[in-house]
Amino acid sequence: MMKVVLKVELYDDKIKKKAMKRVSGISGVESVSVDMKDQKMTVIGSVDSVKVAIKLKKLCHADILSVGPAKEEKKEEPKKEEKKPEAKKDPKEEYAEALKVYEAYFNQTRQQPYPYYYYRTVEENPTGCVIC
């Protein structure tokens, strides 16, 4: 059993469904999971990672990130430290942080203005060519 992690460029659910259908059609695949946020696909089963990548490259751009055993060893959990209550921030700092977040969002969603067109008539340009 192998675990193959691929970086794929999936932009919407339609392409995601097509990619999952293609990969699940390969013999030996036991499970397929997709993380749309990180754009990663994880395939578990006895499959060749190159075959999986070739199937996906026909649909979208795919890169192999890692190939390894399906079961990960359990790591010892570090002791949890006691949480200290955080000191309250200055309202001006909170406002500055909120303003930065808003500006970033506004710059993403801002649409480009319509182009400015200027029409000139024959009277404004007497040297222009006019066919009567």
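Visitor: What makes Met2, Val50, Ile54, Ile64 and Val67 a patch on the surface?

Guide: Patch members need over 30% relative accessible area and no salt bridge, and are joined within 5 Å for nonpolar side chains (Val, Leu, Ile, Met, Phe, Trp, Tyr) or within 9 Å for like charges. A salt bridge puts a side-chain nitrogen of Lys or Arg within 4 Å of a carboxyl oxygen of Asp or Glu. Met2, Val50, Ile54, Ile64 and Val67 form a nonpolar patch, with about 390 Å² of accessible area together. Areas like that come from the Shrake-Rupley method with a 1.4 Å probe, and for residues only the protein chains shown count as cover.

Guide: One heads-up: this is a predicted model, where local features need pLDDT of at least 70 and side-chain atom pairs count only at pLDDT 80 or more, while totals for chains, interfaces and linings use all residues. Residues are numbered from 1 along each chain as its sequence is written, and side-chain values use heavy atoms, leaving out hydrogens and water.

Visitor: Which elements each supply at least two residues of the nonpolar patch?

Guide: H2 and E4 do. Those labels are DSSP runs numbered from the N terminus: helices (H or I) have at least four residues, strands (E) at least two. Ile54 sits in helix H2, and Val67 belongs to strand E4.

Visitor: Why does Ile54 get the label it has: what is its relative accessible area?

Guide: The cut-offs are under 20% for buried, over 50% for exposed, and partly exposed in between (1.4 Å probe, protein chains only). Ile54 has 47%, so it is partly exposed. Val67, at 44%, therefore counts as partly exposed too.

Visitor: Which residues is Val67 in contact with, leaving aside its neighbours within four places in sequence?

Guide: Contact means heavy atoms within 4.5 Å, and Val67 meets Met2, Lys3, Val4 and Ser49 that way. Lys3 is 64 residues away from Val67 along the chain, yet their C-alpha atoms are separated by 5.7 Å.

Visitor: How do you know whether Ser49 counts as buried or exposed?

Guide: Ser49, a residue of helix H2, has 13% relative accessibility, so it counts as buried. With neighbours within four places in sequence set aside, the contacts of Ser49 are Val4, Ile64 and Val67.

Visitor: And why is Thr42 given its label: what is its relative accessible area?

Guide: Thr42 has 17%, so it is buried. You'll find Thr42 in strand E3, in contact with Lys3, Val4, Val5, Ser31, Val32 and Ser33 once neighbours within four places in sequence are ignored. Across the protein, 16% of the 132 residues count as buried.

Visitor: Which residues form the positive surface patch?

Guide: Lys14, Lys18, Arg22, Lys55 and Lys58 do. Lys and Arg count as positive, Asp and Glu as negative, with His and the chain ends not counted; the charge is placed at NZ of Lys, CZ of Arg, CG of Asp or CD of Glu. Helix H1 (residues 13-24) gives the largest share of this patch, 3 residues. Lys58 is in the loop between helix H2 (49-57) and strand E4 (62-69), and its 64% relative accessibility is why it counts as exposed.

Visitor: Is Lys37 buried or exposed, and why?

Guide: Lys37 reaches 76% relative accessibility, so it counts as exposed. Lys37 is placed in the loop between strand E2 (29-35) and strand E3 (40-45). Leu10 is 27 residues from Lys37 in sequence, with 9.7 Å from C-alpha to C-alpha.

Visitor: What makes Gln39 worth a look: what is its phi?

Guide: Gln39 isn't a glycine, yet its phi is positive, about 55°. Most residues other than glycine have a negative phi. Gln39 is also in the loop between E2 and E3.

Visitor: How do the elements of the protein run from the N terminus on?

Guide: They go β-α-β-β-α-β-α, with 3 helices and 4 strands in the protein.
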